[in-house]
Amino acid sequence: MRTRSFDALIAAAITVWCLVEVVAENLQRPWLAAALLAIAGCSLYWRRSYPIVVGLIVVGSGIAQAAAGISLHTAVAPVVGMFVASWSIGAYETRPRAVLGLTLLVCGTWVAMGVDVLRGTDHYGGTDVPWIGALIATPGVLGIAFGARTRSLQRAEARAAELELERREAVVTERARIARELHDVIAHSVSVMTVQAGAAEEMLKHDPARALEPIRAVQETGRQALVEMKRLVGILRAEDEEIGLAPQPGLADLDRLVRQVRDAGLPVEVQVEGEPRPLPLGVDLSAYRVVQEALTNALKHAGRASATVTIRYGQSDVTIDVADDGAGSVAKDGGHGLIGMRERIGVFGGTFAAGPRESGGFAVSARLPLEDGA
């Protein structure tokens, strides 16, 4: 809106200036001169949208005035209008079209000068023709340099906006995936609770002492289900699709994942530090997903390399480190996989880091707290 107002102001100012000069310079055939100059001046309003067309209108007006015997030798406003048209062609057209437009503008000016000479309206020296041509083209050349820089900045801004949109879409997609998986975890927990409760009911009839074991299992499973339910709240599901009741994978399934990656061509070594123990289902699933995504990235980007997976069981957390010694890395924008892993770990209040290693290769590290409700 501001650019349109600015262009309207320029067009109006040059048009009024031209009309004032028609009177002040006592131009021949004033009504025709005023009409031609007004058309040229008003056309500058569209200098951004149709730069070459505006340039042709401006130079065409000059040729028509020369053909009508109207001398503009002392008028300044038409020259300023020509400079504005020249700048606009350079700044707002692509480089090939700008060169074409400036060529037409300069050649049109020379034609008007030639008509002036043939009619005896004006006389030009031998150096005037190239000098005036260079003068008309100079704003356009500056406009080409400005336009190239502006378009480069616009492309960079557009790319940044595109990457931000992709990042947001990746976050939304990963949140939906996390929600689906947590939903499955909770559904599985409820199914286990139902089975254990049924078993406890039967045992109460025949052996009440043994019924304590399934009752405690129901209590523990219910507690874990409540923790996962807290994490699920606020995470929107992407679609209302059918939910399976099968349990999701966890670190206990790591051997199968490692075998698949090895079969795909990436040697993998697994190291476990600390005492392995059962983890909350959501944490277990997210730890597995981090290893899965990191190894997938290594397969895609590391080239001929090997990877090491380290699982550390602490008192209040579990840490996952996946490192490769390859020559590749993920995409410069971070990759959707890393965005997804960071979002997944953030759901549990954990920390996540990823980047190139000083010794070569790429490393992914995630820490997941084990406190209730974390």
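Start by selecting Arg-367 and Asp-317: their side chains meet in a salt bridge at 2.8 Å, N to O (a salt bridge is a side-chain nitrogen of Lys or Arg within 4 Å of a carboxyl oxygen of Asp or Glu). Arg-367 sits in strand 5 (residues 362-369) and Asp-317 in strand 3 (residues 317-324), so the pair ties together parts 50 residues apart in sequence. Helices (H or I, at least four residues) and strands (E, at least two) are DSSP runs, numbered from the N terminus. Asp-317 counts as buried at 16% relative accessibility, while Arg-367 is partly exposed at 28%. Buried means under 20% relative accessible area, exposed over 50%, and partly exposed in between (1.4 Å probe, protein chains only).

Some housekeeping before the next stop. This is a predicted model, where local features need pLDDT of at least 70 and side-chain atom pairs count only at pLDDT 80 or more, while totals for chains, interfaces and linings use all residues. Residues are numbered from 1 along each chain as its sequence is written, and side-chain values use heavy atoms, with hydrogens and water left out.

Now colour by pLDDT (the predictor's confidence in each residue, from 0 to 100). The chain averages 78, and 71% of the residues score at least 70. Over residues 236-246 the pLDDT is below 50.

Next, pick Asp-7 and Arg-47, whose side chains form another salt bridge at 3.0 Å, N to O. Asp-7 lies in helix 1 (residues 2-24) and Arg-47 in the loop between helix 2 and helix 3, so this pair links parts 40 residues apart in sequence. Both Asp-7 and Arg-47 are buried. The whole structure has 7 salt bridges.

How do the two rings pair? Rings of Phe, Tyr and Trp (its six-membered ring) pair if their centres lie within 6.5 Å; planes under 30 degrees apart count as stacked, over 60 as edge-to-face and the rest as tilted. Tyr-45 is partly exposed at 27%, and so is Trp-46 at 42%.

Last stop: Trp-87 and Phe-146, a tilted pair with ring centres 5.3 Å apart and planes at 40°. Trp-87 belongs to helix 4 (residues 77-92) and Phe-146 to helix 6 (residues 128-206), so the pair ties together parts 59 residues apart in sequence.

Conventions. Contact means heavy atoms within 4.5 Å.
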